[in-house]
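Good morning. I will go through one structure today, and I will start with a single residue before I get to the chains.

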Amino acid sequence: MKRRLWWRSFWLHLFLTPLALLWLAPLWLMFVFSTHPEIAIFSTPTPILPGNQFAANLQSLQADTNFLRSLFNSVMVAGIYTVLSIFLTSLAGYAFARFEFWGKGLLFSLVIATLTIPYFAVVIPQFILVAREAKTLLAILIGMAVFGGIAALLAWLRFSPTLGRALWVGYAAAALGYLFLGVPALREAMTFDFRLTNTWWAVILPSLANSLGVFFMRQNFLSVPMSLLEAARIDGAGEFRIFFRIALPLVLPAMAALAIILFLASWNDYLWPLLVLSDREMQTAPVALGSLIGLTRVSWGGIMVGAVMTTLPFLVLFLFLQRYFIAGITAGGVKD
Amino acid sequence: MNRSATPYLFLLPYLAIFALFWAWPILESLLLSFQNTRVSPPVWNLSINWGRILGDAAFWDALRNTVLILVIQVPLMLALATALAVALNSQLLRAKGFFRFAFFAPVVVGAVAYSAVFRLLFNQNGAVNAALGTQINWIFDPVGAMAVIIVTLTWRWTGYNAIIILAGLQSIPKDLYEAAEIDGASPWQQFWRITVPSLRPVLLFCLVLSIIGTLQLFTEPWLITNGGPGTATTTLGVYLYRQGFQNINFGYASTIAYAITLLALVFSIIQLRLFGRES
C-alpha cells in the first residue's frame, strides 16, 4: 500500500514539474529579455539568465512612450476606481442582502443578468456618451448629485407617512422632468468646450457599473448575523450608522479581496482605455505598451521592461496575498 | 428615518451609474443596429445593418475563426484545468506553494504584457523555434497564428479555471472517497464516478464564462497577430473594433455586438439544456 502511494506520488511529480516550469517560462523569459539588448532576444540559443541592460531598455522605453507618466496614470485610475467602486457596490450589496423592498427581485436579476451579457453590447453607447456626448453626461451627473442630495435630505427629515409619500412622489416627478427637459436644456446652455476623452474619469466612470462587486458584497453581507443589526436598530442607531459601524467592519476581509480584484482588473484593462485615451500623456500603462507592439522600429527590450514593470508588483503581491486573489476569483463560481 | 426609503438610498448611487452605463447602452445598441450611421445625423433604416451582416463574408469569416478557437481551446483548457485542480488537491503532492504559484501566476498578468511576450516567443527568430530547432514563421502562417492564439489563451486561463475547479473539489465531502476506497474503487474510477459528477455545476460555470470570454476575444489577436495573416485570426471582437472604431460605423458595429450577444445567449441556453437542470 505504502509502496503504491510512493509510485503514484512519483508519477505525479514527474508530470507536473516540467509542466510547471513550462508555465513559468514565459514570465521568466519576460524578465530575462528585459535585461538584454535586442540582438540577444532573437539569438539562438535563447538567453535564460538575466543580463545587465535593464536600465538601457528602460531608457528606450521612456523615449518611445512616456512610460513613467503612464504608470502614474494607471495607479491613479485603478486607485480612484477601486475606492469608488468598493463604496458603491458595498452600499448596493448591503441593500440587496439586508432589506426587503418593492422591486428587489427584479432589480437584482437585472444587475446579475449583466454578468452574462458580453461587454460589447454596451461599449459603443458608452463610447458615444463619454467621447461625443460629454456635455449630456455632465448634465446627467450634475442631476444625479443634486437629486441624490435631495433624496438623502428627504430621508433624513422625519415626515409623517402621508406627507412623506407625497414628497417622494413629487421628488420622482421632478427627477424625471429633469432627465427629459432639464438635461437637454442644460446641455444647450453649456457653450464652453467640455470633453471627457483623455481624462482619468473617462476610464473610471463607465466601469463603476460593476455587477460582480454587487453580487460579491451581497453574498458577504448575507453572512453578517441579522441579530447584530437588529440589536443596533433597537438601540436607536440609524441605518447608515449600522452599515458603517457594524456591517462594514465585519466584511473587511471580503472587501480586501474585492479591492484586489477590482484594482487588478482596472490596472490590466486594455480595450476601453484604448478607446478613450489617445493623448500620450494620459494613456494608462497597457495602452502605452500596446501602442508600441507592431511598430517596425521599436525596442523589444523596452517593451519587456514595460511588461515587467506592470506585472512584477502583482506577482509579488500574489505570492503573499494569494488567498485574497483566490477569494475574489471564486466569488461567482461557488454558490452556497 | 423613513424606513421605506432607506434601501433605495443605499442603491441609488450604484443604480444611477448602472442605468447610465449599462441598462441604457444595452437598449441603445439595439436601436443603433437599426440605424444608418454613415450619414449625419443618423437615420432609421431597419434592414441596412442586419441585411448587410447576413451577406458579409468578413463577418462569417470572423465568426468561423471565433468558433474555431472556441471549440478547440475551451475543451482543451477545461480538461487541463480539471486535471491540474485534481493534482493540486492531491495529498501526495509536495511543494504545493511552488506548483500553485506556477499555474496561478498568469491570473495577475495583463493581456498586453503577455501578448507582447508570446509575440516575441513565437517570432521566427524567437525562443520557441530556438527550443524546437525549427524555422516556423508562426505569426505569418494562418494555422501557426491560430495555434499561437490558442496557446496564449490556454497559458493565461487554465490556472484561472483550475482555481475555480479546485474550490469546487474542496467542497466535495471526503467520506464519499473514503467509502469508495473501502469498496475498492481505483483512483481512476473515483475520478469519473465521484469527482466529475460532483463538479458538474462548477464546470458548467467555467464553460459559460469561457464561452462568453472567447466570443469577446480582442486583445490577444489584436496585439499578437493583428487579426492576420489576412483574416486568419480576425475574431468577432477584432472585426467589431475595426467596424466601430476604425471605420467609425457605430450602427454596423452595434449589429455585430448584438450578434455576439445572441450567440452568447444561444450557447448559454444549449449548455443549460444539455448539462444544467439540477444546478
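Does Ala95(B) count as buried, exposed or partly exposed? Ala95(B) counts as partly exposed, because it has 13 C-beta neighbours inside 10 Å. The cut-offs are these: a residue is buried if 20 or more other C-beta atoms lie within 10 Å of its own, exposed if 12 or fewer, and partly exposed in between, with the C-beta atoms placed from the backbone.

Before going on, some ground rules. This is a predicted model, in which local features need pLDDT of at least 70 and side-chain atom pairs count only at pLDDT 80 or more, while totals for chains, interfaces and linings use all residues. Residues are numbered from 1 along each chain as its sequence is written, and chains are lettered from A and ligands numbered from 1 in the order in which they are written.

Back to Ala95(B). The residue sits in the loop between α3 (57-89) and α4 (96-104) of chain B. Helices here are DSSP runs of H or I with at least four residues, strands are runs of E with at least two, and both are numbered from the N terminus. Ala95(B) has a phi near 50°, a positive value in a residue other than glycine. Most residues other than glycine have a negative phi, and most peptide bonds are trans.

Chain A has a residue of this kind in Asn198(A), where phi is near 65°. Asn198(A) lies in the loop between α8 (161-189) and α9 (200-207) of chain A. Asn198(A) is partly exposed, because 16 other C-beta atoms lie within 10 Å.

Now the peptide bonds. In chain A, Thr44(A) and Pro45(A) are joined by a cis peptide bond with omega about -5°. Pro45(A) is in the loop between α2 (38-41) and α3 (54-64) of that chain. In chain B, a cis bond joins Ser40(B) and Pro41(B), with omega about -5°. Pro41(B) is in the loop between β1 (35-36) and β2 (43-44) of chain B.

Next, chain B as a whole. How many helices and strands does chain B have? Chain B has 12 helices and 2 strands. The C-alpha trace spans about 75 × 70 × 35 Å along its principal axes. Of the 279 residues in chain B, 46% are buried. Just after α8(B), Gly184(B) takes a positive phi of about 85°.

One residue in helix α3 of chain B deserves a stop, namely Asp61(B). Asp61(B) counts as partly exposed because it has 16 C-beta neighbours inside 10 Å. Asp61(B) touches Thr231(B) and Thr234(B), leaving out residues up to four places away in sequence. Contact means that the C-beta atoms of two residues, placed from the backbone, lie within 7 Å. Asp61(B) and Leu236(B) are 175 residues apart in sequence, but their C-alpha atoms are 8.8 Å apart in space.

On to chain A. It is divided into domain 1 (2-55) and domain 2 (65-292), with bounds that come from an automatic or database domain assignment. The C-alpha centres of these two domains of chain A lie 42 Å apart. An unreviewed UniProt entry annotates transmembrane regions in chain A, including residues 71-94 and 137-159. Such annotations may be inferred rather than shown by experiment; the feature names are shortened and the positions are given in the numbering used here. In the model, residues 71-94 of chain A are 100% helix, and their end C-alpha atoms lie 34 Å apart. Residues 137-159 of chain A are 87% helix, with 33 Å between the end C-alpha atoms.

What does helix α13 of chain A pack against? Its buried residues, among them Trp267(A) and Asn268(A), pack against α4 (67-98), α9, α10 (211-222), α15 (285-292) and α16 (300-329) of chain A, together with α5 (111-121) of chain B.

That leads to the contact between the chains. It takes 82 residues from chain A and 83 residues from chain B. On the chain A side, helix α1 (residues 2-33) gives the largest share, 13 residues.
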